[in-house]
Amino acid sequence: MIIDTHAHYDEDRFAEDLPEILAGFPAAGVQWAVNVGASWQGCLDSVRLAHEYDCLYAAVGLHPDDIADLTEDHIAWMREAANDPKVVAIGEIGLDYHWMVRPKEEQAAGFIRQMDLARELKLPINVHCRDAAEDLLTLVTEHGQGLGGIIHCFAGGVDHAKKYVSMGYHLGIGGVVTFKNGRRLKEVVAAMPLSALVLETDSPYLAPEPHRGTRNDSRNLPLVAAAIAEIKGISVEEVVEATYQNALTAYPKLSIG
Ligand code: NI
């Protein structure tokens, strides 16, 4: 079975037909998806959806774009949410220098604050990074050693991949691995052991080929598993089995069920 380690089913684009999509999980070989909060509302919605649907779990955290909302009230709420059996990680948290909605210093402070919180709560993290590879590596090296979790939509090179894996992280691999211009990610997948990889969609974004540009959902993950299998010259079943176990390692609370 497949675990989607990063999805956003709280987004408006799923408002009409989410129950039908989730009902289709078993036929696609998908067992669970982790709905990842980004905004404050997204955190609330992630927890709500995880309670509404057996096949969904939740991560709670503030994305760098929304970091201005990281108040002590929100920290207190996340502390409480961590006791919820369906909340499996702190995320998505990190740095985004592409949109640069908030200044770098504020993004860094919020990221560090949430890594410290994850350590206190003994939860893994789900990490977002866009156009900030060097600073992200520095902050994770200084504050995130051994927390565990996933570098989501991994977009770095093999050198950074090895560093994250040596610090206890898994690499989130999604639709980009099927793209013609996904050469860099293909190199990472080829170079890294299967034990380092987990599957993710980032739904509704980043649909794999041949659905690129359409609304993504977890049922497309067999296409990502197939692309990894082809790169590594192994069977799709082997990729599915290994990435399933890896997802349980990255998010230990999932194994409790
Ligand atoms: Ni995301």
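Two strands are taken as paired if DSSP finds at least two bridges between them. In this predicted model, strand E2 (residues 30-36) and strand E3 (residues 56-60) are joined by 4 bridges and run parallel. Within this pairing, Ala 33 has Leu 56 of E3 as its bridge partner.

The two strands belong to an open sheet of 8 strands with parallel pairing, arranged in the order E1-E2-E3-E4-E5-E6-E7-E8. Strand E1 (2-7) and strand E8 (197-199) are at the edges; each has a single partner strand, so one side of each lacks a neighbour in the sheet. On average, neighbouring strands of the sheet are turned by 30° against each other, direction ignored.

Two helices were examined against the sheet. Helix H6 (residues 158-166) lies across strand E6 (149-151) and strand E7 (169-173), and its direction makes an angle of about 130° with E7. Helix H8 (residues 221-232) lies across E1, E7 and E8, at about 155° to E8.

A nickel ion has as its protein donors His 6 (NE2), His 8 (NE2), Glu 92 (OE) and Asp 202 (OD), at 2.1 to 2.4 Å from the ion. Along the chain these donors follow the spacing H-x1-H-x83-E-x109-D. His 8 lies in the loop between E1 and helix H1 (18-23), and Asp 202 in the loop between E8 and H8; the pair therefore ties together parts that are 194 residues apart in sequence. His 8 is buried, with a relative accessible area of 5%, and Asp 202 is also buried, at 11%. The angles among the 4 donor atoms run from 83 to 172°, and the site is irregular.

Note on methods: Residues numbered from 1 in each chain as written. Predicted model: local features only at pLDDT ≥ 70, side-chain atom pairs only at ≥ 80, totals over all residues. Heavy atoms only, no water. Axes fitted to C-alpha atoms, helices over the stretch in contact; angles between N-to-C directions. Contact = heavy atoms within 4.5 Å. Donors = N, O, S within 2.8 Å, 3.2 Å for Na, K, Ca; no water. Tetrahedral: all angles 85-135°; square planar, octahedral: opposite > 155°, others 65-115°. Buried < 20%, exposed > 50% of the residue type's maximum accessible area, 1.4 Å probe, protein only.
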